[in-house]
Every structure is written in structure tokens, then in C-alpha cells.
Amino acid sequence: MKFTLSWLKDHLETDATLDQIVEKLTALGLEVEGVEDRSKELKPFRVAHVVSAEKHPDADKLRVLVVDTGTEKLQVVCGAPNARAGLKGVFAPEGAYIPGSDITLKKGVIRGVESNGMMCSERELKLSEEHNGIIELPEDAPVGVAYAEYAGLGDPVIDISLTPDRADCAGVRGIARDLAAAGLGRLRPLAAEPVKGAFASPFGVTIEAPDACPMYVGRYFRGVKNGPSPKWLHDKLVAIGLRPISALVDITNFITFDLSRPLHAFDADKVKGGIVVRMAREGETLAALNGKEYPLDPSMTVIADHERAEALGGIIGGEASGCTETTVNVFLEAAIFDTVRTAQTGRKLGIESDARYRLERGVDPAAVVSGMERATRLILEICGGEASDLVIAGEEPQWRRTLTLRPGRVAALGGVEVPRDEQTRILIDLGCEIVGEDATGESGGTLRVVPPSWRADIHGEADLVEEVLRIHGFDAIPATPLPRDSVLTRPALTTKQRRVGLTKRTLAVRGLSEAVTWSFMAGPVAALFGGVGEGLTLVNPISADLDVMRPSILGNLIQAAGRNADRGYADVGLFEVGPAFRKPSPDGQDIVAAGIRAGNAVPRPWAEKARGVDAYDAKADAMAVLEAAGAPVTNLQVTTDAPGWYHPGRSGVLRLGPTVMARFGEIHPTVLGTLGVKGPVVGFEVFLDAIPLPKKKGGTARPLVQLSPFQPLERDFAFVVGKDVEADKLIRAAKGADKALVRDVTVFDVYQGANLEEGKKSVALSVTLQPTERTLTEPEIEAIGQKIVAAVAKATGGSLRS
């Protein structure tokens, strides 16, 4: 939001300096992005008069000008098509810096003719993008005067960053109101006298979609003269980066920035029959004022006449009914449009406009008529003509709400004592109405407060407290150290928080790159990963293809891998730690560590031949995360019931009893095909919240590996089991045969074929025994082997292979 200092002072009577105003704006939460003083940048530029213009002797498109700068006459070579004798323009002398071209002028010779300085276009002075000719000033422009002074560009321009809830400060008056409440001046009264209509409007207004447009106010003007804007209006718009078009259009832009009240002017002679506010029809299009044609659909609000759509409600007008220099009859619109529909339509069509910026945030519902009245006075003053009676359709939305403020809550919530009278003063200065009061003590009792119509963001007592603190000054809140219960500091992070850091570090060490993606995704993509529960579809998404909360992080990571592959980076490993959503409640989301690998296995030793990623890579990543997070990895079971976005037979689930700790495997080819990603791609999802927290709070630390002075020994066993028996069952059974001596069990061979019964397979295990007290004797080793055979037989029904 940009405005000039003088524009601010149209609404704020103040003696404060620019620096004081800038400092106070930031303190009020209206963060100042920058202050631009064009008078410094444009100081060398002067109003000049072209005394003569002769054709260049050696170039058809160049002219040799004699320019009177007010102090001397200089020769300038110029290629502008409008360069001519008698023209008054803007002259830049030798040594001047040209901001639009980023050059510093030097005396030169152009095709054999000396040139001293230059005549400038609007783009060269960064006034607009116009560069087809040099600037033409009125005949009465004083030669030799600084151009910045003449054009009103000596007025500092302040640029503030607005949060979405402060739509009232998208107008200069809202900013002035905040400053006045903070004690930096007095808010000037705003003239709001109604203009009596001279005739009945020949146009009526019909609202067919009251949900999309609850109130529409129109006024017909006849006999207007639409020419250039007066200097004061022209200068205000140019200063904030707007291009003046014509008086009628400039007035609507001025009211938009002055009061945050968007308006639109129709050439009434091009509107057929009257105004109808309705939803767009299937197949309807609109040729807009920006020169583009947009396809419309029934979710969009249009302002139509009796034949066609003439404008997109709250976003942009149509070219067919736009005002031009020949316009003599005008129909002016001031309306309220549904914020959600306005935002959705603007995003869907990719249209950014000043009207949309304000209307999608919510403008003052009580200022529709007053905004129309102020615009009426300006049109009659600048363009002449007559105004009709107002045409009002619909009604003002109900905005009044009564809130309760306990003055003592300001100190309780904000940590600073603000006297009751001062709280009341602040709220009244912000536009609130005190409709009831219990005056039992300075800080006791309650205030019943009605927030103003332009503050739709104030909903409860905490909001009122925030307003009091904001205006009183956040700097007034004392710095108070936190109480310390003991001389020892306590951990700043919980176990769960430390797990997130360990997880990220572990995955980074394994060669994966961290990604940060949206917590949203497109509905069709979410459907590939189980879909979303009721209530997880966004009402007002930031983009049409980010309309639901993500049920899995994998979808976003896979699409990111696809974009990398499209740019030549097919071998990629990505991970993200964040929420995945099952239902709209705090316990309906999981903190998940998810990752994918695509292309060739990464990393790999340089001497090895590249291989494609497989499910075991994903399993290794998941196991590494679980181990780093403190999960009992030795007790985990592997099952094959991974969800449908994994490849059946090439995926698995890691469980601790019935609890799912992780999922891993190759991504299903159908999912990859739908997302347009070439496989193979493997992925994993580790549910960090499912990992049990350590129960032991104290005691001596135990080493992860029990060191022993005795030599370990290995024994191999081959078991015949059913072909559907998982190898994990054999491993777990063998480990459980003697937990004190069996240190490790691995599978080194699986055989199916001749010499085995139909439906059977042979699984060979290597068992490592680690004595800790003494060397084992042969009978003891034999006894342990028998226990292992018996445990496997009991768990799987298998037998030792002969």
C-alpha cells in the first residue's frame, strides 16, 4: 500500500515529521517497507522548451533540437517521433543519472552531430512504461523549474506492508485513523453530505445472486466531459505508481486508495437495458479492460446488462463498456461482493487488481453509499454534468456485534497496566462504540464494545486487548525474565522435538536432500494416497490446485522429483518431516518423516555399477530413522499390507505389535503414471508420534553393544517351511531361542525347486553366538542349536533341512 505524505495529511492534521510518522506506523503493525523521495532522484531534471527542431543531416529518424533550459540553450540530438519545435518537456543535463535506463549522461556525438543531454520519456524517469515519445508538458509549464517540483513528485511516498486482516488500512483514511488514535495528530472530518439527485436513474439494478453480492449501489450521470484529470489528482496517482487514464477512471482509482472503497464506471450508452448482478453462464466470456479475454463459469460473479456480461464483480471491468474520452453518460457502481468468490475467481483467472485486493479482504460494508457520495461530488466538480438519484439494490450486511472487555484483561494478557479511561479513549478513537459500562473501579467492571464496520477482524475480547496494546505501544510492555525454579537449566526441547532433529540429520547423512512442500495438494492427487476426510477440503485455497490438506507427504515429494527429472536431474533423493492429515482435529494429523528415491541408487561407491533403486533402499531409510528416533528396531515385525499407493509384493509395513511404525516400498506404477513421473520410485513414511517414548527416567547408561573378551561363533541352519512363510518369522524365532547368547541372525539363502516338496522353500540362517562369561563347550553349543530348531519349528511349522 503506497501513499504520499501530503495525501496522508489530507486526512490527518499533524505536525509530526516524516521520520516520526514512519516510526509510529511500524510500531502500530503497519510495517514500513520503504520511503521514496523522488525529488532527490529527479533533482537534475528541468522543464525545458524546444526552440527549434531540424532534421539530422545524416539520419532520417533523428532531429537536432535547440533546447532552452531556462539558463542556457543547448543542442540535443533526439530520436523521439514527437520531438518538435515549441514542445515543452523534461530535460536531463550532462552528468544526470537516468533511473529508468540506469545510465549516467555524457556529452556525445551522434552520427557526427554533438549532443548535450537528452529530452526524457516517462519510462526513463520511471513514471510509467510509456517510451514511444518524450514527455509533453502543458504550454504554461515554467521553463527552468525543477520537474519534480512542477509535477508534484517532491512529496515522499511511503510504502507499507499490510497483513490480510487490515483491509481498512488499504485506504489512506484508515492509516490516518490509526496514527490519530496513537496520538500523532487529529483525524480530519470526512465530508459526507449526500448529493441530491437531479433526475431518476434510467437504469435499474437487479441482484439475482444475493449471496455473491448482498448490496449494490448505482448512480447515473449525464452530460459529463471525460478529459484529463486535474493536476492534484494526476500527481497523486503518478506518485504511487498508477498511470492516469481519464478523469472518470482516475476518480474511481483515487477513491479506491483514499477510502479503500473500490468503484467502477460504465459508459452508460454502451450498457443495454440496465444492470443485472448474476452468476456467469457456462461458455460465457469477458473481454476485460486489460486487453485479455477470459472464459467464465457459473462460480463467478458478473455484472451484466440485459444482453451480456460487462464486468467481473469486484475484480475487473469489461472493455466493451469502458469509459473513453467520448463518454458523456456514466453509470457508477459501488458494491459489496463475497470475499471468497472474489478471491477464487481472481486466482482461477490469474487477475490481480486493486479492487480484488481490497474486496477479497473485506471492505467496509457501511461505506458503500458514503463512498458513492464522495465520488459523486468529485465527478460533478471535475467532469460536470448531472447526477441521478441513487439506485440501491439489496441491503447493508449485518455487521454490528457487541463484545465484552474486562479492563483488567489488558494487564493479564498483555503484561502492562493501561488505565480504564485510556482504554476507552483508544477504542473510541479507533471507531469503536461503547454501548454499556460498569464503572466499578478503574480496572474493574466491564465495557460493552461495538467494533466499527470497517474492522471485521475484531471478534472477541482478546482482539480488543490487542488493539489497546497496539495503540498504547508494544514498547511499553516491560521486559520480565522468566522465573527459574532451580540453578540448573531445563531442556528446551522435548523428546519428540529432538526426534525431529535427529531424523532430519539421519536422512541427510544418508544422502537425501530436505524438501519443504505445501501442507496442501490437489484433490485428485490426494485421492491417489487414500483421499481426505470430511472437513479437510479448503474453502478458500491459495491456489486452485492446492485445495485439500495432504493425506501423505509422498505425493508432493514425487511431484518434486518429477520436476527435477524434467530438468535433467533424474537421480534424486528427497525427504520431508511434517504433518499428514487424516481428519480436521488436533489428533487427526500425524508427524511423518517421509522420503523418496528415484532413478539410480544414491549414494553409491564410484567403482560400482549403477543400479536402480528398490524397496530395500526405502526399508533401510525407514529403519535408520526408527533407530535414530529410539524405536526398538529389533522387536519390529514386517508385514505385507502396505496401502494401495505402494507396489504389491514390493512393499511392507514395519509394526510394533499392532502399531504401524513405518511403511516402505516401491511406488505403484499407476500412481507414478497419473502424476506423470517415470519410475522406479521408492518411498517410505515413518510415523514419529507412534514411536514409544522411553519409560526409564534415570539409572546407569548401558552400552548399545555388549563387549565381550570371548570369541563369537557362527552356526548355519537351513529350514524347510511353507513358501508363504516370511523370513522375518524365522529370524525372530531364532533370536528368541536364547536372548542372552544369540547376538545376530541373518538370511543368506532362499531356495525353491527340485528336491523340495510342492509349496515348500528352504531358508538358510546364519546365527551368531556371543558368550559373555566363558567359552562355550560343544554340548552347550549343541543345546543352543536344538533350542533354535525347536523355536523355529514352533513359530513356523518348519523343520531342519536334511
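**Salt bridges and strand pairing in the predicted model**

Arg582 has a relative accessible area of 42% and is partly exposed. The model in which this value was computed is a predicted one. Arg582 takes part in a salt bridge with Asp590, and the closest N and O atoms of the pair are 2.8 Å apart. Asp590 has a relative accessibility of 18%; because the limit for a buried residue is under 20%, Asp590 counts as buried.

The search of the whole structure found 41 salt bridges. Side chains of opposite charge can pair when their charged atoms come close. One of the salt bridges links Lys231 and Asp235, with 2.7 Å between the closest N and O atoms. Both residues belong to helix α6, which spans residues 231-239, and because they are four residues apart they are separated by about one helical turn. Lys231 is partly exposed at 43% relative accessible area, whereas Asp235 is buried at 11%.

A salt bridge also forms between the side chains of Asp178 and Arg470, with an N to O distance of 2.7 Å. Asp178 is part of helix α5 (residues 172-181) and Arg470 is part of helix α13 (residues 461-472), so this contact ties together parts that are 292 residues apart in sequence. Asp178 is buried, with a relative accessible area of 1%, and Arg470 is buried as well, with a value of 5%. The two residues belong to a network of salt bridges that also includes Arg166, Asp168, Arg455, Asp457 and Glu467.

Glu284 is located in the loop between strand β18 (275-279) and strand β19 (285-287). A polar atom of the Glu284 side chain lies 3.4 Å from the backbone nitrogen of Ala309. When residues up to four places away in sequence are not counted, Glu284 touches Arg278, Tyr294, Pro295, Leu296, Arg308 and Ala309.

Strand β29 (residues 447-450) pairs with strand β27 (residues 403-405) in the antiparallel sense over three bridges. Strand β29 is also joined by four bridges to strand β28 (residues 433-437), and these two strands run antiparallel. Arg448 in β29 has a residue opposite it in each pairing: Thr404 and Gly436. In a regular strand the side chains alternate between the two faces of the sheet.

Seven strands make up an open sheet with mixed pairing, in the order β30-β33-β34-β38-β37-β36-β35. Strands β30 (513-514) and β35 (637-639) are the edge strands, each pairing on one side only. Within the sheet, β37 (residues 659-667) and β38 (residues 681-687) are paired in the antiparallel sense over five bridges. Glu666 has Val682 in β38 as its bridge partner.

Two helices lie across strands of this sheet. Helix α14 (residues 495-509) lies across β30, β33 (572-581), β34 (589-598) and β38, and runs at about 160 degrees to β33. Helix α16 (residues 554-566) lies across β33, β34, β36 (646-656), β37 and β38, and runs at about 25 degrees to β34.

Key
Residues are numbered from 1 along each chain as its sequence is written. This is a predicted model: local features need pLDDT of at least 70, side-chain atom pairs count only at pLDDT 80 or more; totals for chains, interfaces and linings use all residues. Side-chain values use heavy atoms; hydrogens and water are left out. Two strands pair if DSSP finds at least two bridges between them. A polar contact is a pair of N or O atoms within 3.5 Å; within protein, one must be able to donate a hydrogen and the other to accept it, and residues adjacent in sequence count only if both atoms are side-chain atoms. Contact means heavy atoms within 4.5 Å. A salt bridge is a side-chain nitrogen of Lys or Arg within 4 Å of a carboxyl oxygen of Asp or Glu. Buried means under 20% relative accessible area, exposed over 50%, partly exposed in between (1.4 Å probe, protein chains only). Axes are lines fitted to C-alpha atoms, for helices over the stretch in contact, and angles run from 0 to 180 degrees between N-to-C directions.
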